[in-house]
Amino acid sequence: MAAATPTSYTDKVIVSDEVAEFSPEIIAEMNEHLAKYPPERKRSALIPILMLIIQRERGWVDNAGVNFLAKFLDLEVTDIWETATFYSMFNLRPVGRHHIQICKTLSCKIMGEPEITEHICSKLGIHPGETTEDGKFTVSLVECLGSCGTAPMMQIGYDFHEDLTIETVDQILDSLR
Ligand code: FES
């Protein structure tokens, strides 16, 4: 049975004034990214810090993390949210240990995405946008991941799995259980 999660990662964002705190080591890591860009171009560090540090440390892009980053980069919180809500690589809700992102765009759709999605969801007992009750798996449908020549494909964590068949999907899921 699925945990109660929204069907979309871009629907409602709960806003509060809470600001996340990070250790000196993590702040130093953020400054390393910042140092790659001219001082007047702090905004350029938005995606690396949001992706590689805020999401990693917080588990997802949450309000407190966004508030911190807005202050850190001298940006408005809306600057952060307009980026975070645009790219599917940012999780706007907590996700399971294994975040399965299935490409639903044309090449993958033609090459069997609907059957792959149906198989994965029925095997895990959840719908797209949901997380299994044990917190192990989240399934999301996302737009083109840039691997159209090896469709159908999906991304789990940072790994691409391509030329998917029902058999290879079973092997992949079994290896993650
Ligand atoms: S259409 Fe699926 S990777 Fe491009």
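Author: Let's start with a term: two strands pair if DSSP finds at least two bridges between them. This is a predicted model, where local features need pLDDT of at least 70, side-chain atom pairs count only at pLDDT 80 or more, and totals for chains, interfaces and linings use all residues. Residues are numbered from 1 along each chain as its sequence is written, and side-chain values use heavy atoms, with hydrogens and water left out.

Reader: Which way do β1 and β2 run, and how many bridges join them?

Author: Strands here are DSSP runs of E, at least two residues long, and helices are runs of H or I, at least four, numbered from the N terminus. Strand β1 (residues 98-103) and β2 run parallel, with six bridges between them. To see one of the pairings, look at Gln-101, whose bridge partner in β2 is Ser-140.

Reader: Is β2 enclosed or open?

Author: Check burial: buried means under 20% relative accessible area, exposed over 50%, and partly exposed in between, using a 1.4 Å probe and protein chains only. Strand β2 covers residues 137-142, and five of its six residues are buried, so the rest of the structure largely encloses it. Over the chain, buried residues make up 42% of the 177.

Reader: How do I read a helix, and what does α3 pack against?

Author: Here's the general idea: an α-helix has 3.6 residues a turn, so residues three or four places apart point the same way. In this structure, α3 is mostly covered, with nine of its 10 residues buried. Among them are Gly-65, Phe-68 and Phe-72. The buried residues of α3 pack against α1 (24-34), α2 (46-58) and α4 (77-84). Just after α3, Asp-74 takes a positive phi of about 55°.

Reader: Which residues does Ala-64 touch?

Author: Contact means heavy atoms within 4.5 Å. Ala-64 lies in α3 (residues 63-72) and counts as buried, at 2% relative accessibility. Leaving aside neighbours within four places in sequence, Ala-64 is in contact with Glu-18, Val-19, Ala-20 and Arg-58. Ala-64 and Val-15 are 49 residues apart in sequence, with their C-alpha atoms 8.6 Å apart in space.
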